[in-house]
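Please look through the sequence and the model shown below, with attention to charged side chains and to strand pairing. The report that follows takes these topics in turn.

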Amino acid sequence: MESDMEESSMKKGIRKKSVPGDHARKQLEHLKGRTYAITGEKFIQEEDIRLETTRTRLSNVLKRHEELKERLTRDSDRMIFERLQKEFEAARAAQTEACFAEICLDGEQWNDGLLATIRERVHMEADRKSMPGDTSMLPDPHFHGKTTYRVGNKVICCLEGARIGIQYETFFAGEPCDLYHCVLESKSFLEKMTVIEHTVPFFLPIREAENDFLSSNAMKFIDYIGELLQAYVDRREQVRLIKELYGNQIGELYHSLPYHVIEFVLDDFDCKVTISLRYADLGSVLPTRIRVLAWPVHPSRRVSITGTTNKKGNVALGTQPVPARLSYAEDALRTMSLPEAYAEIVLNLPRALQQIFQNLATA
């Protein structure tokens, strides 16, 4: 009897001792879960800090690029532009005085044969002027009048010293914008031409185009540079126009120097909309890669993944906004100019966001 009582009391003692252990284990698991949650929140905060640091560095790099661009174009390029512009104006004025009209070329009239003829004539005129005492070489009346040729937005002039000058006119929305120049030269008619000076922005690949096209197809080179310049001006003016019209709605805007990478944020809504545009070809005026995301900023519109332990023992890492892709906005940017697409996006944004948030609420 006594032994039974002792055995019973020993079992009770064991059970009593096991309770504090269980409680400690539960406390440990609870603290462990809180540690994971705190660690997760700290991780998200650190990610936000890193992203903000990267954004600040990128902004500083872009500012330095703009300063470098301004410094490079402020003195030498402007001097070259003014000198070449005067030379082109003098050639066209001499043509007018000699009663020679500017020759406009359309379609098939602009071809390799005509360019070869222009090259031959500039060298003949240079040779004639280098031998003023030789009366057997009569002056070519076309060169006396400094004949110029217009091909679309390009004006081709025969300049002094066996040089061929191309003046590129650019436009935006039907209005004239910038003028650019490129001067070609060759030592003889049979040798290849080279670019001896130009006013093309330094971040456009004129030297690569010279290596790829000029020696094998000079006409293709001349046309390609014109396409690059017009596309660059078009992209630049599109960005300038949305800043001018919608600057109060745009929170942040970044772009590369050739405007082939453009990113901006819309903050004047119930969410943050990020727009990212990439132009794979520098001759393109419409983007080839587009991403438009809407990021919820209201707490009720965030997907809650707070630090709780699920059945598998995994712990979530805090409240994180989940972006929604705006397909209608990407379609607009794919087919319209940037200002037109922007107006389309803003017009339909409230309805699109309402539909997205309704789908999130029912998910």
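E244 is exposed, with a relative accessible area of 54%, where exposed stands for over 50% relative accessible area, buried for under 20%, and partly exposed for values in between (1.4 Å probe, protein chains only). This is a predicted model, in which local features need pLDDT of at least 70 and side-chain atom pairs count only at pLDDT 80 or more, while totals for chains, interfaces and linings use all residues. Residues are numbered from 1 along each chain as its sequence is written, and side-chain values use heavy atoms, with hydrogens and water left out.

E244 forms a salt bridge with R240, and their closest N and O atoms are 2.8 Å apart; the term salt bridge is used for a side-chain nitrogen of Lys or Arg within 4 Å of a carboxyl oxygen of Asp or Glu. The two residues lie four residues apart in helix 6, and are therefore separated by about one helical turn. R240 also forms a salt bridge with E237, with 2.7 Å between the closest N and O atoms, and this pair, three residues apart in helix 6 (residues 218-246), is likewise separated by about one helical turn. R240 counts as partly exposed because its relative accessibility is 37%, whereas E237, at 10%, counts as buried. Through shared partners, salt bridges join D178, R236, E237, R240 and E244 into one network. Helices (H or I, at least four residues) and strands (E, at least two) are taken here as DSSP runs, numbered from the N terminus.

## A buried pair between strands

The structure holds 13 salt bridges. One of them is formed by R163 and E197, whose closest N and O atoms are 3.9 Å apart. This pair links distant parts of the chain, since R163 lies in strand 4 (residues 163-172) and E197 in strand 6 (residues 194-198), 34 residues apart. Both R163 and E197 are buried.

Five strands form an open sheet in the order 7-8-9-10-11, with antiparallel pairing, two strands being counted as paired if DSSP finds at least two bridges between them. Strand 7 and strand 11 (324-325) stand at the edges with a single partner strand each, so one side of each is left without a neighbour in the sheet.

Strand 7 (residues 250-255) and strand 8 (residues 261-266) run antiparallel and are joined by five bridges, with H255 opposite I262 in strand 8. These two strands form a hairpin with five residues between them, and Y259 in the turn has a positive phi of about 60°. Strand 8 pairs with strand 9 (residues 271-278) in the antiparallel sense over six bridges, where L266 has V273 of strand 9 as its bridge partner. Strand 9 is in turn joined by eight bridges to strand 10 (residues 289-296), again antiparallel, and T274 stands opposite L293 in strand 10.

## Helices on the sheet

Helix 6 packs on the sheet and touches strand 7 and strand 8, its direction making about 170° with that of strand 7. Contact here means heavy atoms within 4.5 Å, and axes are lines fitted to C-alpha atoms, for helices over the stretch in contact, with angles running from 0 to 180 degrees between N-to-C directions. Helix 7 (residues 327-335) also packs on the sheet, touching strand 9, strand 10 and strand 11, and its direction makes about 150° with that of strand 10.
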